[in-house]
Amino acid sequence: MNNRTLWTLFLVVLMSVTQYVYSEPKPDDAVHYRQGILMALGWNVGPMGAMVKGKVPYDAERFRFLAKRLELLAPMVREGFIESSRSAESDTRPEAWENLEDFNQRFSELEKVSSDLAAITMNGDREAVVKQFIATVNVCKDCHDNYRVKR
Amino acid sequence: MNSTSKNSYIWDLPTRVCHWALALLFIFSWWSGREGGMFLQYHMLCGYCVLSLILFRFLWGFFGTSSSLFSNFLCGPAEVWRYSKTIFHRKSAPYFTHNPLGGWAVMTMLLVLLLQIVTGLFANDDLFNEGPLYPYVSSQLSDFFTGIHEVIAYFLIGLILLHILVIAFYQFWKKQYLVQAMITGYLNQVPQKSLIVSVTLRRALFFLVLSGLMVTLIVNL
């Protein structure tokens, strides 16, 4: 290999390294990302709540569809809470970062209850579905009460 | 004004029912609001009942029985001040309705309750519950109202604790049996020249239905 080839290789390697370094998400983007996922969760929980409350007729097929969405979205929330976003402006209370173990535990719970919900919607027992839905939203609520800024 | 030992009828049935219903509804509202989630639909129902009762009380304050009329117990600052100076006296002047200070306490509680209901109508719980007027405001404004709603809840608890403390003070220190009065309608200490409280149940029922209809209209806007 001549000098020029070596230099080219070196530059390519350097560029990919810097590309890698720069690909670390910015704190603001992390906040937007998790807010987007949480918004998407709420977007799908809304119609489920309306069905459970009897505001709209219960539709098992649609409920199952929405529950599967929750199951997919739930594990994505925690990905937005990267260390560098600790002091970024958001609705997350500092307590979340101070109690990371508990905070993470809540994400695990959310993943568990939402995947259980998706599983329960498969066999069609409406009463069990409603019960699990309530358990799911209670995980949402408890975390909001503890780690979301007061409005 | 001299007090008589004879029990006098001061609180008509509608006023008493309104009072105790508000008390029960407040307890349930507090509990269901804290539970959240699925209980919020009952919390909202509770709020509509409270709003109906408040509207009723305002109508009753203008067109009700003599002891319930605002014009008979809402006094100017001078009289409030005069009464305030005697509040710790064991034998402060009795009244056949709220005393000058108590009258404004009632009005304060009613207005704060009203504010609580109004903010609740626009509130949301971040999950799947929204007040009936939520669609009419931006989500930021709804969040703002929700925050106020949560703060006022604590303020109301404070007001109610103060209310209970003062009632206990009148009950045990002044021996003005206000609790019995709110239960039976009869108060043990009243001025010699008292107005007559004539019960007009049919009118009360009319106002209650009217209030209920108004609330139904508001929440179904």
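Two residues are taken to be in contact if their C-beta atoms, placed from the backbone, lie within 7 Å. The views below show a predicted model, in which local features need pLDDT of at least 70 and side-chain atom pairs count only at pLDDT 80 or more, while totals for chains, interfaces and linings use all residues. Residues are numbered from 1 along each chain as its sequence is written, and chains are lettered from A and ligands numbered from 1 in the order in which they are written.

**View 1. Overall fold of chain B.** Among contacts in chain B between residues at least 6 apart in sequence, 70% join residues at least 24 apart. Chain B contains eight helices and two strands, these being DSSP runs numbered from the N terminus (H or I, at least four residues, for helices; E, at least two, for strands), and their order along the sequence is β-α-α-α-α-α-α-α-β-α. The radius of gyration of chain B, 19 Å, is close to the 17 Å that the globule rule gives for 221 residues, so chain B is as compact as a globular protein of that length; the radius is taken over C-alpha atoms, and the rule is 2.2 Å times the number of residues to the power 0.38. Taken along the principal axes, the C-alpha atoms of chain B fill a box of roughly 60 × 35 × 30 Å.

**View 2. Helix 5 of chain B and its surroundings.** Helix 5 (residues 100-121) of chain B has 22 residues and reaches 32 Å from its first C-alpha to its last, close to the 32 Å expected at 1.5 Å a residue, where the expected span is 1.5 Å times one less than the number of residues. Its buried residues include Pro100(B), Leu113(B), Ile117(B) and Leu121(B); a residue is buried if 20 or more other C-beta atoms lie within 10 Å of its own, exposed if 12 or fewer, and partly exposed in between, with C-beta atoms placed from the backbone. The buried residues of helix 5 of chain B pack against helix 2 (40-63), helix 3 (70-73), helix 4 (77-85) and helix 6 of chain B.

View 3. In helix 8 of chain B, Ala204(B), Phe207(B), Ser211(B) and Val215(B) are buried. These residues cover an arc of only 75 degrees around the axis, which puts them on the same side of helix 8 of chain B; the arc is that of the directions from the helix axis to the C-beta atoms. The face turned away from this buried side carries the exposed residues Arg202(B), Leu205(B), Val209(B), Leu213(B), Thr216(B) and Leu217(B), whereas the cover over the buried residues includes helix 1 (13-35) and helix 2 of chain B.

**View 4. The side of chain A that touches chain B.** The contact takes 15 residues from chain A and eleven residues from chain B. On the side of chain A, helix 2 (27-53) and helix 6 (126-147) of chain A are the elements that give two or more residues, and helix 2 of chain A supplies the largest share, seven residues.

**View 5. Nonpolar cores.** The largest nonpolar core has 22 residues, and those with the most contacts inside it include Val45(A), Phe63(A), Leu70(A) and Phe133(A); such a core is a set of buried Ala, Val, Leu, Ile, Met, Phe, Trp, Tyr and Cys residues joined through C-beta atoms within 7 Å. Helix 3 of chain A gives the largest share of this core, seven residues. Apart from it lies another core, of 18 residues, among them Leu113(B), Ala123(B), Ala204(B) and Val215(B).
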